[in-house]
Amino acid sequence: MPFNHTQKDSRHENFLALAASDRELLDYLLQLFCSNHDLKAAVLVVDLRKGYSVISSSGWKKPSYDELSILQTDPVSSDLEFSPVSQAFRQAHLDLGLEYYFQKGFNLENLANAGFLYLFSDKQIKNPNVESLLVQLATLISKASKAAKLDQVNDQLKKTIRLFNESQRINQVGAWELDLETGKTLWTEEVFAIHEVDSDFDHNKDANLNFYHPEDRHIIVDALDKTFETGEPFDVICRFITAKNNHKWVRATGFVWKENNAQKKLIGSFQDITIQKENRDALLLEQNRVKSILEGTHAGTWEVNMLTGQARYNNHWAEMVGYRLDELAPLDADTWKSLVHSEDLQLVNKNLKECLNGKRERLDLEIRLHHKAGHFIWVHVLGKVLSWTSDQKPLMVYGIQQDITSRKNLERERIYNEGILRKLFKLSPIGIALNDFETGQYLDINDKLLEPTGYTKEEFIQLSYWDLTPKEYEPKEKIALESMRTKWAYDAFEKEYIRKDGTRYPIELRGIVVEDLNGKKLIWSFVEDISEKKRARQELTNALGQLEAIMDASTQVTLISTDPKGLITYFNKGAEQALGFSAGEVVGKMNLADLHSKKEIEKALQQFSDEDSSAGLLEILSAKGQPDSKPKNEWTYQRKDSSSYPALVSTTQISREGEHLGYLSVGVNISLIKKAEEELRSILEITQDQNDRLRNFAQIVSHNLRSHAGGLSSLLDLISADDNAFAEDEMFSYLRMASDNLMETIENLTEVVKINLASKEERKTVNLRKEVDKVTSSLFSLTQVNEVEIRNEVDGAHRLDTIPAYMESILMNFVTNAIKYRSPHRPSELIIHSQKTKENLELRFKDNGVGIDLEKNGDKLFGMYKTFHKHPDARGVGLFITKNQIEALGGTVSVESTLGEGTEFTLTFPLGED
């Protein structure tokens, strides 16, 4: 194998350990050898099989070890000529500049390492005694080497003893020996030190045992007895009390040792482990504390071996994400990463990489993990590399994980609430300010507070509330400050603020004191500009004054207010005049029930008690009203003189912020109204009688006139049949025309009378669209002949309470009029449309006929026998009758028309109750 410098130095040491005088002797012998054999240069090498050493040289430099690195340590061959070493040296002496060499094997007595001696020289040695010379030289080397080795062993033993003693001192461990026959003991220095006794202390077995704590002494005694009996070693830990009464923990070990002479001894160690025990107990305590903390906080723990990828998780970690540990097996470094939310994975990888590279001291993340139930939880992950490999690669990473979902939800809720509060702060209809409690400096304000001041926000923030408060309000401010110091709040009070231009405006403010996270006191104030409120308050005061004056001046209206139990608290002058009592006689003395008719009250209470047993007079007056026959609010007042009068009474409950304050009763004397009602009722009865007589008269006149007109028409028919010549006479034709006109007039008058006397009981609800379809269908041939297009755009959902015959007549008249008065210059059309409002239903007839000159004829349009065109069929009766029919139905009719363009009639009917 190639030359190894480490082996070279250790093996050459034996030879270099020769005393300086011995090395000088060797150099001298070699020089003498060279001189005797006429050698200018020579090198002596000893090959010890396990290494070699250059012993000496003469006349030439000593070769370096690197120059001899070609030498091998293979076993020596029996054939010296062909041994690997000889072959190597045969080449080596040429490389060293020495042309000749000589080798000799040896196995000398007491020479620990037999091998070869090599002699390199500048020329061949011809002396036949060279071998004996070399053997003598080897013998000398052997003796010198053996002596050197003994010296080295002694030195090494001294060093070992020194290191052993130092090791005992540092580790507080000593050695002891007990002679089982004599009972004598042998201690090392450290054993004396642990016992805290001097080195001349007389120690023996019994004396040694007395140092052990009384409660632990049986432990060492039992251990010794067992070892004596069985020969098994012992190893115990006991409490120990030193000679100076210091308490310690010690560890004692021992085993039986049998020497060559068969003498038994007990040998062992004795160590002060007080510090280790305390550290171990402290560590155990700390471990238990950490374990308790982890269990108490339900924290999950994890550890990962970065070289093997193996990982350990505790049960809390698995429970946190809804699993058992066995459900997540196999557990490795990627187990938890597989549960990380996809949006958080990049952050995890980045921070973990920086932590493993040493760029980040620890892993500190708040991330989301996928729970078994399907949702995500928030966790706080802490981790750190606690051990590294020899080449500074991360080895073990430890960490904990805690569920912070609740905190995260609270944070989200807090952020949401902060956003809401910030918006409320900005949009509040009342000014809000944040001030420093000590200085009054404004720290923040909203826009509503800033609005009336005339300042910019930057200017306003530089002010304090003292800058805005007039001097006369300082006493109020001091009261508010004192309240804030004692109650941490101040009640609402009014003062004024000074605007930027020096003018003032009134405000009302209230506030509370809070502390920020640093314990600094702050004031939150709600500041309302009450300019409009004060103006309204003044106007209300004025109005109330005027109302009170009106109430006192009103002699036709009684105004009476009561408390919740009905006791009168206010009695106006109108009540005094109407009822005969003075306010002093009734206020606080009489009840409202005392002013009402006793019989009415008893009747009302009796009737309403059946429905509501808790109903009293005031509830009846304010909510229920009169029973049965009388109007709801009509009651009878009883005067002081016992006379009475009917009154229309409105009683209202008075409340403020949900609190019942009493009642206000307003009454009006309706004696005159009742008298007028009686007179009107009498007139209506007379009118009804007269209408009945008029109806009978109209029917008689209509019947009789129709009979006489019919008889006259029949007479003319007979004359025409008997005397054709007379029938052809012009006078006869006039007589026939007059008869026909008389008959038509009678028919028209009869129709008008029927319309005006129509009964409401004849009404029924009809669908207007269907009624229009019925009329247009009956006039189909007429519309076709006259080429008139009729479009029915009436809403199918529109219905009207009407007299069907009248409605048919109305529709028929407007449709035939549109056909009759069509324009010959364009295609004719009639559009019938309906429109419903909240209270009325409108029906419109719009044509494009000849139109009407309303400026000329508008006031006569619906008159009887009024015509405005030269149409042969025009009679001037249709619109008159139609208007009467519309009005009989409670409707109205209006018209818009342009001559030559067309006409639109609008019929408006009131909608009855559903």
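**Figure 1. Arg360 forms a salt bridge with Glu354, the closest N and O atoms lying 2.8 Å apart.** A salt bridge here is a side-chain nitrogen of Lys or Arg within 4 Å of a carboxyl oxygen of Asp or Glu. The view is taken from a predicted model, in which local features need pLDDT of at least 70 and side-chain atom pairs count only at pLDDT 80 or more, whereas totals for chains, interfaces and linings use all residues. Residues are numbered from 1 along each chain as its sequence is written, and side-chain values use heavy atoms, with hydrogens and water left out. The side chain of Glu354 also meets that of Lys350 in a salt bridge, at 3.0 Å from N to O. Because Glu354 and Lys350 are four residues apart in helix 10, about one helical turn separates them; helices (H or I, at least four residues) and strands (E, at least two) are DSSP runs, numbered from the N terminus. Arg360 is partly exposed at 29% relative accessibility, and Lys350 is likewise partly exposed, at 47%. For these classes, buried means under 20% relative accessible area, exposed means over 50%, and partly exposed covers the values in between, with a 1.4 Å probe and protein chains only.

**Figure 2. Asp391 and Lys393 are joined by a salt bridge, with 4.0 Å between the closest N and O atoms.** Asp391 is partly exposed, with a relative accessible area of 48%, and Lys393 is partly exposed as well, with 47%. A further group, Glu366, Arg407, Lys408 and Glu411, is joined into one network by salt bridges that share partners. The structure as a whole holds 45 salt bridges.

**Figure 3. Helix 11 (residues 405-427) has Thr405, Lys408 and Phe425 as its buried residues.** The helix has 23 residues and reaches 32 Å from its first C-alpha to its last, close to the 33 Å expected at 1.5 Å a residue, where the expected span is 1.5 Å times one less than the number of residues. Among the elements that cover the buried residues of helix 11 are strand 12 (363-370), strand 13 (376-388), strand 14 (394-403) and strand 19 (521-529). Ile420 also lies in helix 11 but is partly exposed, with a relative accessible area of 32%. Together with Tyr416, Leu421 and Leu424, Ile420 forms a nonpolar patch on the surface, with about 430 Å² of accessible area in total. Patches are made of residues with over 30% relative accessible area and no salt bridge, like charges being joined within 9 Å and nonpolar side chains (Val, Leu, Ile, Met, Phe, Trp, Tyr) within 5 Å; accessible areas come from the Shrake-Rupley method with a 1.4 Å probe, and for residues only the protein chains shown count as cover.

**Figure 4. Pro506, in strand 18 (residues 504-515), is buried, with a relative accessible area of 18%.** Not counting residues up to four places away in sequence, Pro506 touches Lys495, Glu496, Glu528, Asp529, Ile530, Ser531 and Lys534, where contact means heavy atoms within 4.5 Å.

**Figure 5. Thr783, in helix 25 (residues 780-785), is buried, with a relative accessible area of 7%.** Once neighbours within four places in sequence are left aside, Thr783 is in contact with Val788, Ile790 and Ile819.

**Figure 6. Residues 1-19 have pLDDT under 50 throughout.** The model has 33 contacts beyond four places in sequence for residues 1-19. Residues 48-54 also stay under 50, with 32 such contacts. The mean pLDDT of the chain is 77, and 67% of its residues reach 70 or more, pLDDT being the predictor's confidence in each residue, from 0 to 100.
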